[in-house]
Amino acid sequence: MKKLLVITAIVLTGIATVALTEQKGSLRKMYSKPTHLWPAPLIEPGIHWKELEALPITDSASTAVLNDPLVLLGKTLFFDPRLSASNQISCSSCHDPDLSWADGRSVALGHDHQQGKRNTPSLLNIARMQTFFWDGRARSLQQQAINPISEPHEMAQDLTKLIPKIRAIKGYHQLFKDAYDSEEISMEGILDAIAAFEETIVSRSNRFDNFVRGQYNALTDEEIEGLHLFRTKALCMNCHYGPDFSDQQFHALGFYDSTDQKQDPGRFAVTKKKEDLGRFRTPSLRDVMRTGPWMHDGRYNEMEDVINLFNDGGAGPRIKKLNLTAKERKSLQAFLHAITAAPFKVQRPELPK
C-alpha cells in the first residue's frame, strides 16, 4: 500500500510538472510576438489604456547630449548645494543618480534635518510626465524645479537672495554665457537650465524592453508569467500601462482618514475638490525595484508588502481582492525585476568658484 502511494505521488507530480511546463510554453508562445498580437488585458470599463511598450532608445550618457552648454549649466546647478540656504543641500541630495534619482528614504530629509511628509519620487523619465509631484501641483519642469529650492523644509532658499548669490560666483558667468550667449544670470535661466538637464535623465533599456523589441529570450518563463499576471489577473494595467507603466492619473488607495487632521490630503490640496482627498499620482513602475520605499509616504520597504496590499483588496473600495497564489505573487515580483535596470553612471560636475 505504501509503495502504491509513493508511485501515485510520483505520477501526480510528473503530471503537474508536465502541465506547468506546457502552461509556461503556452505563455511564452503567446507573448513572443509583437505587442499588438498579445492576448487582451483585463481592464475595467471606461479606462482608455495603452499597451505596455519599450521606451524609445535613448542614450542619456551620450557625449553629444551631455556636452550641450545648457545641459552642462543645468547639471552644475542641479549638483550645487549653494542653491540652498544652508549651502549644504542640492537637488541631488534627494535625487541621487546612484539611487535611481531618488533618495532611498521613506520621506525626504531637508533643511535643518526636517522631515517632509512624502516619499521622494525618482526623476527617471521625468520629461515624459504630464504633471509633477505626488499631487500634480506643477505642470512644467521649471515649476517642478523651483518648488523644492524655496520650500522651507527642503532647500529653504529665499528666492530674492538666490540670483545675487549665484551672480557672486564668478565661474557661473562663463557657464551662462556658453548656454545663453549672455552672462546675465536670471531665475528663468536657472530653471530652464535645470529643466534641460532633467530631460536627459532617462532609464536604461531593461530586459522587458529588449523582449518587446524581439529578443524573446530576454525574459524567463517566470517573468513571462508575471507579465501575463500583470496584464490580467493582477489588474495592474488598470493604472500602470503604456511605455511609462503609469496612467499619470490620481487615485486614492483608501489610506486617507478624514478624522485625522494631520493626514496628507493629496490632490485635494491643489484642486480643493472633495473627491480628490487622498488621491495621489500613479508612479511609473520603470526601475521600481530600485526606487523603494514605496507609496506616497514611503510606508512599504518590501515589495512583497505592496503586492500583498493589492492582493488582499487594499485599504479602499476601488481595489478588488485578487486571490493571487504565493507562486503568482512571486512571478509578479519577478516581472517587476525585469522592468528594472541599473541607472546610468553620472559624473558629478566640478562646481564653479
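This is a predicted model: local features need pLDDT of at least 70, side-chain atom pairs count only at pLDDT 80 or more; totals for chains, interfaces and linings use all residues.
Helix α10 buries Glu223, Ile224, Glu225, Gly226, Leu227, Leu229, Phe230 and Arg231.

The whole chain gives the setting. The protein chain holds 13 helices and 2 strands. Its C-alpha trace spans about 90 × 50 × 40 Å along the principal axes. Of the 353 residues in the chain, 46% are buried. Contacts were also sorted by sequence separation. Among those with a separation of 6 or more, 67% join residues 24 or more positions apart.

Helix α12 consists of residues 303-311, and helix α13 of residues 326-338. Their axes come within 11 Å and cross at roughly 125°. The crossing of α12 past α13 is right-handed. On the α12 side, the contact is made by Met303, Glu304, Ile307, Asn308 and Asn311. On the α13 side, Arg329, Leu332, Gln333 and Leu336 take part. Sorted by class, the contact has 4 nonpolar, 3 polar and 2 charged residues.

Burial in α12 was considered next. The buried residues in α12 are Met303, Val306, Ile307, Leu309 and Asn311. Helix α13 is included in what covers them. Met303, Ile307 and Asn311 are buried, and these residues also belong to the contact with α13. An α-helix has 3.6 residues a turn, so residues three or four places apart point the same way. After α12 comes Gly313, which has a positive phi, near 100°.

Aromatic rings were then searched across the whole structure. The search finds 14 aromatic pairs. One of them joins Phe78 and Phe79 in an edge-to-face arrangement. The ring centres are 5.4 Å apart, with 65° between the planes. Both Phe78 and Phe79 are buried. Phe78 also pairs with Trp101, again edge-to-face. Here the centre-to-centre distance is 5.8 Å, and the angle between the planes is 65°. Phe78 lies in helix α3 (residues 69-78) and Trp101 in the loop between α4 and α5, so the pair ties together parts that are 23 residues apart in sequence.

Phe78 has a relative accessible area of 0%, so it counts as buried. Trp101 has 4%, so it counts as buried too. Phe78, Phe79, Trp101 and Phe197 form one aromatic cluster.

A further link across the sequence involves Gln130. This residue sits in the loop between α4 (91-94) and α5 (141-150). Leaving out residues up to four places away in sequence, Gln130 touches Arg139 and Gln248. Gln130 and Gln248 are 118 residues apart along the chain. Their C-alpha atoms are separated by 7.1 Å.

Note on methods:
Residues are numbered from 1 along each chain as its sequence is written. Side-chain values use heavy atoms; hydrogens and water are left out. Helices (H or I, at least four residues) and strands (E, at least two) are DSSP runs, numbered from the N terminus. Contact means heavy atoms within 4.5 Å. Buried means under 20% relative accessible area, exposed over 50%, partly exposed in between (1.4 Å probe, protein chains only). Axes are lines fitted to C-alpha atoms, for helices over the stretch in contact, and angles run from 0 to 180 degrees between N-to-C directions. A crossing is left-handed if the near helix is turned anticlockwise from the far one by less than a right angle, and right-handed if clockwise. Ala, Val, Leu, Ile, Met, Phe, Trp, Tyr, Cys and Pro count as nonpolar, Asp, Glu, Lys and Arg as charged, and the others, Gly among them, as polar. Rings of Phe, Tyr and Trp (its six-membered ring) pair if their centres lie within 6.5 Å; planes under 30 degrees apart count as stacked, over 60 as edge-to-face and the rest as tilted.
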